[in-house]
Amino acid sequence: MEIKYTGDNDCIYAELSGELDECSAEYVRISLDDLLKNESFSKSKLVLDFSKVSFMDSTGIGMLLGRYNKFSKQDISIYIKNPTSYVNRIFEMTGIYQIIPKVC
Amino acid sequence: MAFDNYFKLEFEAKKVNESFARNTVAMFCTVLKPTLSEINDIKTAVSEAVTNSIVHGYEDKGGKIVLEVGIENNVVDIKVIDNGIGISDIDMAIQPFFTTKTEEEHSGMGFTLMDSFMNTLEVKSNDSGEKGSGLIVHMQKVIRG
């Protein structure tokens with residue numbers, strides 16, 4: 001699992017690539033939470049690009065719910081972008097879009 | 001059930017083996033010419049069952065997981081067996097969003113995904129387990145290709 005970060009004025013983009021399971025989720029948790037430790041971090045949106053996530057199980061859902069809890073406390077909104085049809089199916093099945101919306 | 005083809009393997013309950021387990025089952029099934037969607041369904045279901053054994057059954061302390069996979073006609077039959085602490089109330093455990101580890105960011109959706117992605121799902125105690133009651137997750141997928 002790798003994460004590539006880019007950003008603009010009020011938004012940070014995190015492009016996840018690889019397989020998101022229990023084994024790799026810890027790295028994603030730590031990497032994303034490190035954004036909150038950065039004092040210069042003043043963005044209001046975090047967009048997670050899932051286009052290069054080739055596999056995901058329910059661990060991904062748990063990881064997202066955990067990030068939602070942490071980031072929303074600091075008034076940062078999280079969005080999901082470009083999931084593959086397979087990953088999108090898991091997101092829809094679990095209802096995650098009700099709290100972490102999908103953006104185009 | 002007498003299978004046309006079958007394998008059984010035992011591996012250590014380590015997170016690093018989740019990918020090994022699901023990809024091994026996926027490769028074994030390729031003779032049935034499954035669609036990408038069917039392969040992904042199987043990979044996710046195996047990953048959920050194996051993760052459950054590692055994280056819940058053995059509580060991340062390690063142990064042995066047995067994976068048995070058979071093919072009969074166009075049905076893939078998968079058993080994930082552990083000798084971990086087992087589940088005292090299986091009916092409750094398979095409910096969506098049920099988790100005993102709320103502080104650890106588990107979604108509680110594992111059995112829901114297994115049930116959704118596979119054609120059959122049976123969860124029962126492994127009475128032959130050496131410690132605790134263990135768990136057997138038995139699931140089948142019909143491959144339509």
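User: Which residue stands opposite B:Glu68 in strand 3 of chain B?

Analyst: In this predicted model, the residue opposite B:Glu68 is B:Lys79, which lies in strand 3 of chain B.

User: What makes strand 2 and strand 3 of chain B a pair?

Analyst: Two strands pair if DSSP finds at least two bridges between them; strand 2 and strand 3 (residues 75-82) of chain B are joined by 8 bridges, so they count as paired, by the rule of at least two bridges, and they run antiparallel. These two strands also form a hairpin with 2 residues between them, and B:Asn73 in the turn has a positive phi of about 55 degrees.

User: How do you know that strand 1 of chain B pairs with strand 2 of chain B?

Analyst: The requirement is at least two bridges, and strand 1 (residues 5-12) and strand 2 (residues 64-72) of chain B share 8 bridges in the antiparallel sense, therefore the term applies under that requirement. As one example from strand 2 of chain B, B:Val66 is the bridge partner of B:Glu10.

User: Which residues does B:Val80 touch, leaving aside those up to four places away in sequence?

Analyst: Among them are B:Val46, B:Ile65, B:Leu67 and B:Val137. B:Val80 is also listed, with B:Ala45, B:Val46 and B:Met114, as having the most contacts inside the largest nonpolar core, which has 52 residues. Helix 2 (residues 36-57) of chain B gives the most to this core, with 7 residues.

Terms used
Residues numbered from 1 in each chain as written. Chains lettered and ligands numbered in written order. Predicted model: local features only at pLDDT ≥ 70, side-chain atom pairs only at ≥ 80, totals over all residues. Core = buried A, V, L, I, M, F, W, Y, C linked by C-beta atoms within 7 Å. Buried ≥ 20, exposed ≤ 12 C-beta atoms within 10 Å, placed from the backbone. Helix = DSSP H or I, 4+ residues; strand = E, 2+ residues; numbered from the N terminus. Contact = placed C-beta atoms within 7 Å.
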